[in-house]
Every structure is written in C-alpha cells, then in structure tokens.
Amino acid sequence: MRRPVIAGNWKMFKTVDEAVETVASLATLVDGVSDREVIVAPTFVGLAAVARAARGTNVSIAAQDCAPEPGQGAFTGEVSAEMLADAGATHVIVGHSERRQFFGETDDTVNAKAKAALGAGLTPIVCVGEQLSDRDAGRAEVVVEGQICGSLSGLTAEEVVRTIVAYEPVWAIGTGRSATPEIAQQMHRLIRETIAKLVGADVSEAIRILYGGSVKAENISALMKEPDIDGGLVGGASLDAESFARIVRYGY
Ligand code: PEP
C-alpha cells in the first residue's frame, strides 16, 4: 500500500515571516490527517525557520533544489543536501521543469542531485514531464521515459524505492490546464513500467508517483482515484494555507 503524498512547492514566493505563518496555519488545518504525507517546500532562506515552526506537526519540509556536490566545498551560491538536512529538510525537489527550462538542468544534473540527496538521507522528489511541443508531436512518452532513465541512472533498487517521482507535464504547470486523470494515469503507468525495467517490479509497485500541474481542491479527488497516482505536487494552490489544506484533505 503506497502512502499518498501531497507536497506544496512555494517556489520564489513568501518572506520568511510569511512562510512561517503559512506553515503554522497549515499545520493547524491538517492536524490529525495521518494517512498521507504533507510536505511544503519553502525557499532556502525560509527553510530552517519553517522547519522549526513545523516541528511536532504532521507537516514535513522539502527544499526546492540542492547542489549536485555532497558535503561542503568551494561552490559559491550552492547549498548541499547535508546542509538542507541539517536545517530541517527531509525531502528535496530535484529537476523541477523550471530548473530544467531556465537553469539548463539536464538529466545528468538531476541524477547527480538525486544521488546527493540520497547520500544525505533526504528523499529526492524527482520531477519529469514533457513540453507541449513534445505532446503535440507524439513524443511525450519517449521524452518522459528518457528523463526517468537518465534521472534515476545508477541508483540501486533500495535508493529508487526511497525516491518519489513527480510527473509534471510542463503545459499543465501554472496554466490552470491540468492533465485529465486519464492522461496522467497513462503516463504514471508508463513511468512505473519504466522503473520496473530499471530496478524490478517490486520497486516499481512501491515507489510513489505524484502528479503536478494545476492541481486544486476541485480536481485532486478525481486524480487520486487513478490507480497509479499516489499524490500531488502543488504550486500555486499551495501558497494559501486554506487552499492547500483543502487539497491535503481530499476525500475527508
Ligand atoms: C509546480 O510548480 O510544481 C506546479 C505543479 O505548479 P502549479 O500547481 O501552479 O501548476
């Protein structure tokens, strides 16, 4: 049985105080929800304060990115996975489409970051997803399969099972145009089959695969009815505690 995960990506939004206020309100609103994991991803500067505010609640903390290099070193501007763990993170998003699109991240970069995260004891949330042009050209499956193979390359079965995958079609992110549950399910199935080929069926049946792209309180229940959708990675609708709590509490 795969435990659902609802994760909020706060991107480059919220001051430290705003982030702390939001997590405190969210924690109250989702108190007692124990059958699913609740995660928020503040900016680097807000992470330690948000983690402190969330201590003792059922909200866990993710970073939005990490350095591909482990530990410490002369890498100006970078933050290592170990430092994020030290600041209170338990998860880290890697390979978000905005990082792939605007910061030139490749599957190799994402792979190095996933390995760095796992090495530091963090759960990587590895994002994949096709562009609209890929879908229109009938290449969506090939692109996502390639991203999965590249991003998870060289990970052991034990490491893949500790990983979370997020399927986020780029055309659905921040556009208000969510993939239908059927389209999302088809891709989640393909991702699971790809992972089965990489590291075996046991791992592919255990790994959590989240859907991301214009998830809201209005569409989460339909998405979660699909057999291979294990949760959501939520951008815009996670910024407001009440709106995010409604998503977290789907089905209640
Ligand atoms: C995201 O940024 O990961 C995302 C899915 O954004 P939104 O929910 O706003 O589409």
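**Spaces and ligand**

The lining of the largest cavity comprises 6 nonpolar, 3 polar and 1 charged residues. Here Ala, Val, Leu, Ile, Met, Phe, Trp, Tyr, Cys and Pro count as nonpolar, Asp, Glu, Lys and Arg as charged, and the others, Gly among them, as polar. The model is predicted, so local features need pLDDT of at least 70 and side-chain atom pairs count only at pLDDT 80 or more, while totals for chains, interfaces and linings use all residues. Residues are numbered from 1 along each chain as its sequence is written, and side-chain values use heavy atoms, with hydrogens and water left out.

On a 1 Å grid over the protein atoms alone, a cavity is a set of points where a 1.4 Å probe fits but cannot get out; a pocket is an open set with protein on both sides within 12 Å along at least five of seven lines, and lining residues have an atom within 4 Å of a point. Points are joined across faces, edges and corners, and a volume is the space filled by probe spheres set on them.

The whole structure holds 1 cavity of 30 Å³ or more. The lining of the largest cavity is formed by Trp10, Phe13, Lys14, Thr15, Val16, Ala19, Pro42, Thr43, Val45 and Gly46. Helix 1 (16-29) and helix 2 (44-54) are the elements that each give two or more residues to this lining; helices are DSSP runs of H or I with at least four residues, numbered from the N terminus.

The largest pocket contains about 450 Å³ of space. Its lining has 18 residues, and Lys11, Met12, Gln64, Arg99 and Phe103 are the closest to its centre. By class, this lining has 8 nonpolar, 5 polar and 5 charged residues.

Where does the ligand lie? The ligand takes up the second largest pocket, in the sense that more than half of its atoms lie within 2 Å of the grid points. That pocket has a volume of about 190 Å³, and Gly174, Gly213, Ser214, Gly235 and Gly236 lie nearest its centre among 18 lining residues. The lining divides into 5 nonpolar, 10 polar and 3 charged residues.

Around the ligand there are 14 residues, of which Lys11, Glu168, Gly174, Ser214 and Gly235 come nearest; a residue is included if one of its heavy atoms lies within 4 Å. Backbone polar contacts (N or O atoms within 3.5 Å) to ligand oxygen atoms include those of Ser214 at 2.8 Å, Gly235 at 2.8 Å and Gly236 at 2.8 Å. The ligand taken alone exposes 290 Å², of which the protein buries 95%, with areas from the Shrake-Rupley method and a 1.4 Å probe.

Note on methods: A polar contact is a pair of N or O atoms within 3.5 Å; within protein, one must be able to donate a hydrogen and the other to accept it, and residues adjacent in sequence count only if both atoms are side-chain atoms.
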